[in-house]
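Welcome to this set of exercises. Have the sequence and the 3D view ready, and try each task before you read its solution.

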Amino acid sequence: MTKAPSSGQAKSLSIFLIEDDTAHAELIRRAFQEQSPRVQLYQAASLAGYHALLKQHSPDLVLMDINLPDGRALQALADSHDHRAFPLLVMTAYGNEELAVEALKGGAFDYLVKSPDLFRRLPVIVQGALREWQLLQQRRQAQADLQASERHYHSLFESIDEGFCVMEVEFDDDGTVSDLRLREINRIFSAQTGLGPECLSHSIRELLPEIDPFWLQTYGAVARTGEAIRFQRPEQQLGRFFDVYAFRPDNGSRNQVAALYRDITEQKRYEEQLKHLATHDVLTGLANRTLLLDRLEQAIHYAHRSGRLVAALLFDLDRFKVINDSLGHNFGDQLLRAVAGRLQHCIRETDSVARLGGDEFVVILAEVADMKDIALVAGHLLEQLNQPYRVEDREIRLSASLGISLFPRDSDDSATLLRNADMAMYRAKRLERSSFLFYAPEMNQRLQETLELEEALRQALEQEQFLLLYQPKVNLVTGQICGCEALVRWQHAQRGLISPAQFIPLAEETGLIVPLGDWVLRQACAQTCQWRDAGLQPVPVAVNLSARQFRKGDLTQRLQSILQHSGLAAGELELELTESMIMDNPQQAVQIMHELKQLGLSLSLDDFGTGYSSLNYLRRFPVDNLKIDRSFIRDVATDTSGASVVTSIIQIAHNLGLGAVAEGVETRDQLDFLRRCGCDQLQGYLFSKPLPAEDFAALLREGRSLTPPI
Ligand SMILES: Nc1nc2c(ncn2[C@@H]2O[C@H](COP(=O)(O)O[C@H]3[C@@H](O)[C@H](n4cnc5c(=O)[nH]c(N)nc54)O[C@@H]3COP(=O)(O)O)[C@@H](O)[C@H]2O)c(=O)[nH]1
């Protein structure tokens, strides 16, 4: 192994010469010595020598004879990958080109056909090969760098946990955006949009024919201006909602836009749900108070300009609480939904309907020309609500009371308009059910009074400011007292005795009737026992029962406990029920009445004739007496049709095996008529007004006949 002398400071080149032909090797060595003194030539004559050299030096280039004593250059190429770090030139004898081509395939950088001329030119050839090798290396490096950077880019691209795409924006000649083409997309983008790699380079207009032009315009603007933009937008065709950050990538292309997509469909859905919940009534899906006030304000705002009217119509269903309590909340809910549906069906698109809660609904009529139109709509809505409802295979009728307030007449403030409509509704309910009233300022005063009365009624209950009067019932044959009716009075400190007609409806409405009614029952039972204990011949006492008391689930238990506590026999207590309270739900009423009868109580049907009992039902009611309403008795002596009604009722009672009781008997003529008809019992001012307990006791004690002689 010889080493060529080095020359100067220039970087010396290490070249391996692997040649077993010593003559060739010498020629080559000389050529280098003469032409390239800075080349260090390391020589070996076999493959083994070549491998030994490799262990000690790193060659810049290898010149290798293709056939060596211990193998071929091809073997060296196959054995080692080192040649990849330096160019390996194989030298062949003339005629061995096939082998040389094989060597090239195996990784040789080039092949040279040996000749004296070649040996001479070899230093120049080597310089050229080295330059070429260097260029190749640089190219390889650049390629490898590029591949590495692409791999890095792709891994980044895919590691983003958002959809990512790069698009080509296509512009028309006039600068408007004509189309987009997807250039790059990541997996998440495909999952979000359904646009997979097969869509790359395709027109977005073809992929999504109904795409919102917004997307094209926005991406066009980003491409044109280079300004990034962030926005949230639904894409209807994909049915998704995206949060998008779009920017122009820094890749020199002025027509490209990159965009990061975050799918916020669920978040938006949730937000919408929350918004809906905050502004809508869960049961009916109608607007709630918050949204209603908002809409009312908007309607007022527009009406300010148009000079038209806005009406707030507040409905409250009559007797809904009774229905809800007696038929159950599920039934009540279905009914409320049906009411909501009807109201919605009846209004125009520009109007709104809302549920305030409970059984209160509001309709806003916007842009109305005059009050006549409002009255027409109000009448129509009430009529619609009055139509029978079918719920759980049951037909049920409802009515509603309606209060109306107007912008600008009553207020220009939405909350005040609602309050005024509420007052008008309250008044309508008290006057006549299923009617409407326009708000009037004096209602405010009345409402105030009612509220005060309600508060006073509560206090009166706590302080027991009530007393009972007793009105005798008279046996028509004997003229003797055969019973009495307990009638409550309120002893007001300032207003004196207040009639039940004034406070019973309020007590009924507020629910105070239940404790008040219990007090009346306890008091009436206790009083009757006191008369008996005082040695008087006791007569059954009748007590009026209100609808609420009647429907309250624990009525029989409460009555049982009251009877037990007072010591009164059940047979001495009579309950007066009205036709209307029973006909609300006749089936349930029959059941309750049977329970009361089982306790041993007597039952009478009060105000008979004013309601709408069918004879069919009447047969099934386990009542003892029919009390003919005083409005019929008033006219018996003067009006033939009134007289025939009374005659018929008495006959019906007798045919059904019931007693007939006439109330409100005030005159001798009425008495004579009733006598002729064979009425059983009489009650009225002709015999006695309702009396305090001690005065009634005196009457009992006297034991005289109360009917005037025939
Ligand atoms: N739920 C309850 N309701 C009650 C109770 N106490 C009374 N009431 C009801 O209040 C209404 C008014 O009652 P009141 O002012 O006591 O009037 C009763 C009698 O005074 C009156 N009457 C009796 N005779 C005559 C008469 O000859 N002429 C005439 N103009 N009025 C007369 O009738 C009323 C009794 O009616 P009724 O109950 O239908 O038999 C009234 O509806 C009471 O029911 C109570 O404790 N609970």
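Two strands pair if DSSP finds at least two bridges between them. Helices (H or I, at least four residues) and strands (E, at least two) are DSSP runs, numbered from the N terminus. Residues are numbered from 1 along each chain as its sequence is written. This is a predicted model: local features need pLDDT of at least 70, side-chain atom pairs count only at pLDDT 80 or more, and totals for chains, interfaces and linings use all residues.

**Exercise 1. A mixed sheet**

Task: What is the strand order in the open sheet with mixed pairing?

Solution: 
- Step 1. The order of the 5 strands is β14-β15-β13-β18-β19.
- Step 2. At the edges stand β14 (352–357) and β19 (436–438), each with a single partner strand, so one side of each has no neighbour in the sheet.
- Step 3. β13 (residues 309–317) and β18 (residues 400–407) are antiparallel and joined by 8 bridges. Alanine 311 stands opposite leucine 406 in β18.
- Step 4. Helix α13 (residues 371–386) packs on the sheet, touching β13, β15 (360–368), β18 and β19. Helix α14 (residues 414–431) lies across β13, β15, β18 and β19 and runs at about 145° to β18.

**Exercise 2. Partners of β21**

Task: Which strand does β21 join over 9 bridges?

Solution: 
- Step 1. The 9 bridges link β21 (residues 481–492) to β20 (residues 466–475), and the two run antiparallel. Lysine 473 stands opposite glycine 483 in β21.
- Step 2. β20 and β21 form a hairpin with 5 residues between them, and glycine 479 in the turn has a positive phi of about 80°.
- Step 3. β21 also pairs with β22 (residues 496–498), antiparallel, over 3 bridges. A hairpin of 3 residues joins β21 to β22.
- Step 4. With β23 (residues 541–544), β21 pairs in the parallel sense over 3 bridges. Here glutamate 485 stands opposite alanine 542.

**Exercise 3. The two faces of a helix**

Task: Which residues of α21 are buried, and which exposed residues lie on the face turned away from them?

Solution: 
- Step 1. Apply the cut-offs: a residue is buried if 20 or more other C-beta atoms lie within 10 Å of its own, exposed if 12 or fewer, and partly exposed in between; C-beta atoms are placed from the backbone.
- Step 2. In α21 (residues 586–599), the buried residues are Ala589, Met593 and Leu596. They cover an arc of only 60° around the axis, which puts them on the same side of α21 (the arc is that of the directions from the helix axis to the C-beta atoms).
- Step 3. Recall the helix rule: an α-helix has 3.6 residues a turn, so residues three or four places apart point the same way.
- Step 4. The face turned away from the buried side carries the exposed residues Gln587, Gln591 and Gln598.
- Step 5. Just after α21, glycine 600 takes a positive phi of about 105°.

**Exercise 4. A buried tyrosine**

Task: Where does tyrosine 219 lie, and which residues does tyrosine 219 contact beyond its neighbours within four places in sequence?

Solution: 
- Step 1. Tyrosine 219 lies in helix α8 (residues 213–225).
- Step 2. Tyrosine 219 counts as buried because 24 other C-beta atoms are within 10 Å.
- Step 3. Leaving aside those neighbours, tyrosine 219 is in contact with Met167, Val169, Val177, Leu180, Ala246 and Val257 (two residues are in contact if their C-beta atoms, placed from the backbone, lie within 7 Å).

Key
Expected span 1.5 Å × (residues − 1). Axes fitted to C-alpha atoms, helices over the stretch in contact; angles between N-to-C directions.
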